[in-house]
Amino acid sequence: MNPIKILSVDDEADLELLLTQYFRRKIRKGEYEFFFAHNGLEALTVLLKEKNIDIILSDINMPEMDGLTLLTKINEMQNPALKCIMVSAYGDMGNIRSAMNNGAFDFATKPIDLDDLSITIEKAVEQINYIKKAQTEHTQLESLKTDLAVAKEIQQAILPRIFPPFPENEEEIDLAALMVPAKDVGGDFYDFFRIDENRIGIVMADVSGKGIPAAIFMAVSRTLIRTVGLQDNTPAKCLTKSNELLCAESVDCMFVTVFYGIYHIDTGVLEYCNGGHNSPYILHANGDIEMLPLSNNPMVGAVEDITFQGDQTKLEIGDTLMMYTDGVNEATNAALEEYGDDRMEQVLRRLNGKSCKEIIDGQLESVREFAMEAEQSDDITIMALKRKA
């Protein structure tokens, strides 16, 4: 533990001997360290040399620069952990009052009662330690905020952000996605990747939990599913294998709900497997809205030794597959009313026929209009894939 550094500023030479003698035990133990100056100018010189002075014990009436002027200079340093104890004659209450009004921590009167001064210094030390602790916590908080900002940028960089993602197939498909985290970083993610010339993998997922742990698990899950998916596995095999790996490495019982599909560009066939995730919608070209069948599979990473079951459907020309996380339908407003599936379906009917970007932007706008000033309670992630030809 570093010693409390005390600067005594007084033109009386015998005070130095008095203080060092009285506080000799604390000095020997390394609890206090004293510095001495004979006027305000000397004190400023010491402060420039010694950056970590904690307490200034200053006489008010001194030559060259008095204590009140010194106090003004110290205030300009804007260091709340630096405490000033002013000293003057008992009858000099006007100056003492001025010193207290200008930010002095406390005062002592001459002749100095060293026992009383010791108590005053101890009170100042308590305040200094409290302020230093608060400053340390503030610095740590600022560092954490900086780390979170960097983590947010990294997480956003992990997600595909170039649209259209497959320009060579722009005439056949339209695809758009977005993720809006509830906190600095989130647990939702979307992904898409080319498996071969005719097939595209699409992923919509939601990790249990919030914040940094969810974000780390999200990065692991996303990388794992993509890696297994690129090995030419069916969606069901992909989630079965991913489940085995995540169960083996799961920490704090974390899991992820996943919708993984393989879209065949030439036929519009969608092979898919839903691991406990929200069922996507198909916005049919004729204006109908259809929700895919509810999943009987568990979440990925939650239950060991599970064989996931897959299914398939087909997008006709003009149909759009809309995938989302529960941050959409479970969004709440200030009255704690839920956005709900019915409201979402009404919005999707209104947006049917538009481009994928217009659909996801319109859905997000609807959720925000509903929630109004209510704080976003969960990550919002939406992805849409449309068969154009």
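## Cavity

On a 1 Å grid over the protein atoms alone, a cavity is a set of points where a 1.4 Å probe fits but cannot get out, while a pocket is an open set with protein on both sides within 12 Å along at least five of seven lines; a lining residue has an atom within 4 Å of a point. Grid points are joined across faces, edges and corners, and the volume is the space filled by probe spheres set on those points. The structure is a predicted model, in which local features need pLDDT of at least 70 and side-chain atom pairs count only at pLDDT 80 or more, whereas totals for chains, interfaces and linings use all residues. Residues are numbered from 1 along each chain as its sequence is written, and side-chain values use heavy atoms, with hydrogens and water left out.

The count comes to 1 cavity of 30 Å³ or more. The largest cavity has a volume of about 60 Å³. Its lining consists of S8, V9, D10, E12, A13, L15, E16, F36, A37 and H38. Two or more of these residues come from each of β1, α1 (14-22) and β2 (32-37); helices (H or I, at least four residues) and strands (E, at least two) are DSSP runs numbered from the N terminus. By class, the cavity lining has 5 nonpolar, 2 polar and 3 charged residues, where Ala, Val, Leu, Ile, Met, Phe, Trp, Tyr, Cys and Pro count as nonpolar, Asp, Glu, Lys and Arg as charged, and the others, Gly among them, as polar.

The largest pocket has a volume of about 280 Å³. Of the 14 residues that line this pocket, N2, P3, N52, D54 and K132 lie nearest its centre. The elements giving two or more residues to the lining are β1 (4-9) and α6, and α6 gives the most, with 3 residues. The lining of the largest pocket divides into 5 nonpolar, 5 polar and 4 charged residues.

The second largest pocket holds about 240 Å³ of space. It is lined by 15 residues, and F163, P164, D174, L175 and A176 are the closest to its centre. Here β6 (173-180) and α11 (356-371) each give two or more residues, with the largest share, 5 residues, coming from β6. The lining of the second largest pocket has 10 nonpolar and 5 charged residues, and no polar ones.

## Salt bridges

A salt bridge is a side-chain nitrogen of Lys or Arg within 4 Å of a carboxyl oxygen of Asp or Glu. A search of the whole structure finds 13 of them. One joins D59 and K110, with the closest N and O atoms 3.1 Å apart. D59 lies in strand β3 (residues 55-59) and K110 in strand β5 (residues 106-110), so this pair ties together parts that are 51 residues apart in sequence. D59 is buried at 5% relative accessibility, whereas K110 is partly exposed at 21%; buried means under 20% relative accessible area, exposed over 50%, and partly exposed in between (1.4 Å probe, protein chains only). D59 and K110 also belong to a network of salt bridges with D10 and E12, and both D10 and E12 are listed in the lining of the largest cavity.

A salt bridge between D106 and K123 has its closest N and O atoms 3.4 Å apart. D106 is buried at 15% relative accessibility, and K123 is partly exposed at 40%. For R226 and D191, the closest N and O atoms are 2.8 Å apart. R226 lies in helix α7 and D191 in strand β7 (residues 188-194), 35 residues apart. R226 is partly exposed at 24% relative accessibility, and D191 is buried at 1%.

## Nonpolar surface patch

L141, L144, I212, I216 and V220 make a nonpolar surface patch of about 430 Å². Patches are made of residues with over 30% relative accessible area and no salt bridge, like charges being joined within 9 Å and nonpolar side chains (Val, Leu, Ile, Met, Phe, Trp, Tyr) within 5 Å. Areas come from the Shrake-Rupley method with a 1.4 Å probe; for residues, only the protein chains shown count as cover.

Helices α6 and α7 (211-229) each supply at least two residues of the patch, and α7 has the largest share, 3 residues. I216, in helix α7, is exposed with a relative accessible area of 53%.

T136 lies in helix α6 (residues 114-158) and is partly exposed at 43% relative accessibility. Its C-alpha atom is separated by 43 Å from that of F192, 56 residues apart along the chain.

P160 is in the loop between α6 and β6 and is buried at 14% relative accessibility.
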